[in-house]
Amino acid sequence: MKKQSNRLFYRQILTGKTVFMSFLMAATLISCSKNNEEITSEAQTNAFNADNLKKGQLNGQDITYERKNGMNFFEGDMVLSDKQLSEGNEVNKGGASYSRWPSGKIYYTIASNMGSINVNKINSAISEYNNKTNTQWIYRTNQSNYVEFIFGSSSGSDGWAHIGYQGGKQNVSLDQYISVGSVIHEMGHTVGLYHEHTRKDRDQYVKILWNNIQSGQSHNFNIYSSGTDIGSFNINSVMMYWPTSYSKNGQPTITRADNSSFTYNRTGFTTGDINTINAMYP
Ligand SMILES: [Zn+2]
C-alpha cells in the first residue's frame, strides 16, 4: 500500500491580489547550499528583518508570519491574504470547500515577461499535474478565479505561491533559475498543500535542530496543528523542507529522528504526493 503524505489545508477563503518582485539576496545565499541539486529553494533566502515578524492566527492557531512587500509569508514561501489572517481566529471559517479548486479545475495564465525557459518548466510541471493527479490545469480564457504565474527575479531560484483556492486572481511567482521540481512544489501550495515538516506527527520522523536555524526563522519550523494530515509522513515528499533549510551555519536544521541525514526530493511527485492530492480532489 502506498503511503500518502503532506498537509492538506482547509479554509482558505481569500482574495489575494498582488504583484511582487524581489528576492535579490537569493543567488548569493543559494550558493551556500550543501545540496547536490543546483536549484534548491522556495523563497527561504530573502533578507530577513525582525521588524517584519508578525503574530496572527490561522484556523484558530497562533502563528508567526513575515510581512514583506505588502504580503504575508508563512513558512517561507506560502502567502496568506489579509482576509485569511483577519478571519484566522475563526476555526472552520469558510470550510473545506473554500480551499479547494471547484471540480479540481485550476485556470492559469502566464505573465508576458516570464521567458521561454520558465514557460517550458511551467508546461512540464502542468503535465505532471494533469497526467498524474485529479487536478487539471487549464489555460484561462475568461474565468474570474485563476492563477497567474508571475516572474520573480532574473537572478534567483526561488518561488512562492498563495495557499489554496482564494478566489479572484492569485499568483505563483517563479525566479529565473527555479527547478521544475520547485515549480511543482509551489503549485502544490496552490492546490492546498502546506509543508510536510509541519505535520502534527513530524517529531516521530524528523528532528529539528533549533540551534542551527538562522535568527528569527525558527517560526518556520513550528508544527501547524490546525490542518489535516493525509496519509503517512513522507520525508521524500516534494513538499518537504530540505535538510539545511534556514541554516545559519551550513549544518542541518532537519535530520531524521534517529539523527541520520536524508536526501530531499525536488525531482517531482512521489506516489504519496499524488495520492494526497487525489484524496483532496477525488
Ligand atoms: Zn513551500
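Reader: Why is Asn171 called buried?

Author: In this predicted model, Asn171 lies in strand β10. Its relative accessible area is 1%, and buried means under 20%, so Asn171 counts as buried.

Reader: What makes a group of residues a nonpolar core, and which residues have the most contacts inside the largest one?

Author: The term is used for buried residues of the nonpolar kinds that are joined through side-chain atoms within 4.5 Å. The largest such core has 31 residues, and those with the most contacts inside it are Tyr129, Trp137, Phe149, Leu174, Met187 and Val191. Two or more residues each come from β6 (105-110), α3 (116-132), β8 (146-151), β10 (169-174), α4 (180-191) and α5 (271-280). Apart from this core lies another, of 13 residues, including Ile208, Phe221, Tyr241 and Tyr246. In soluble globular proteins, nonpolar side chains tend to be buried together.

Reader: With which residues is Trp137 in contact, leaving aside its neighbours within four places in sequence?

Author: Trp137 is in contact with Ile106, Tyr108, Ile126, Tyr129, Asn130, Val147, Phe149, Met187, Thr190 and Val191.

Reader: Which residues are protein donors of the zinc ion, and what makes them donors?

Author: They are Asp77, through two OD entries, and His185, His189 and His195, each through NE2, and they lie 2.0 to 2.3 Å from the zinc ion. The cut-off for a donor of this metal is 2.8 Å, so these distances fall within it. Along the chain the donors follow the spacing D-x107-H-x3-H-x5-H. Asp77, in the loop between β4 (71-74) and β5 (78-80), and His185, in helix α4, are 108 residues apart and link distant parts of the chain. Asp77 and His185 are both buried.

Reader: How do you know that β4 pairs with β3 and with β5?

Author: Pairing requires at least two bridges between the strands. Three bridges join β3 (residues 61-68) to β4, running antiparallel, and three bridges join β4 to β5, also antiparallel, so each pair of strands meets the requirement. Phe73 takes part in both pairings, being the bridge partner of Glu66 and also that of Val79 in β5.

Reader: Which residues take a positive phi in the two hairpins?

Author: In the hairpin of β3 and β4, with two residues between the strands, Asn69 takes a positive phi near 55°. In the hairpin of β4 and β5, with three residues between the strands, Glu75 takes a positive phi near 55°.

Reader: What makes both faces of β4 covered?

Author: Met71 and Phe73 on one side, and Asn72 and Phe74 on the other, are all buried.

Reader: How do you know where the model should be read with caution?

Author: The mean pLDDT of the chain is 82, and 79% of its residues reach 70 or more. Over residues 1-39, however, pLDDT stays under 50, although the model has 148 contacts beyond four places in sequence for them. Over residues 92-97 the pLDDT is also below 50. Where pLDDT is low, the predicted coordinates should not be read in detail.

Conventions. Residues are numbered from 1 along each chain as its sequence is written. This is a predicted model: local features need pLDDT of at least 70, side-chain atom pairs count only at pLDDT 80 or more; totals for chains, interfaces and linings use all residues. Side-chain values use heavy atoms; hydrogens and water are left out. Buried means under 20% relative accessible area, exposed over 50%, partly exposed in between (1.4 Å probe, protein chains only). Helices (H or I, at least four residues) and strands (E, at least two) are DSSP runs, numbered from the N terminus. Contact means heavy atoms within 4.5 Å. Donors are N, O and S atoms within 2.8 Å of the metal (3.2 Å for Na, K and Ca); water is not among the atoms, so sites may look incomplete. pLDDT is the predictor's confidence in each residue, from 0 to 100.
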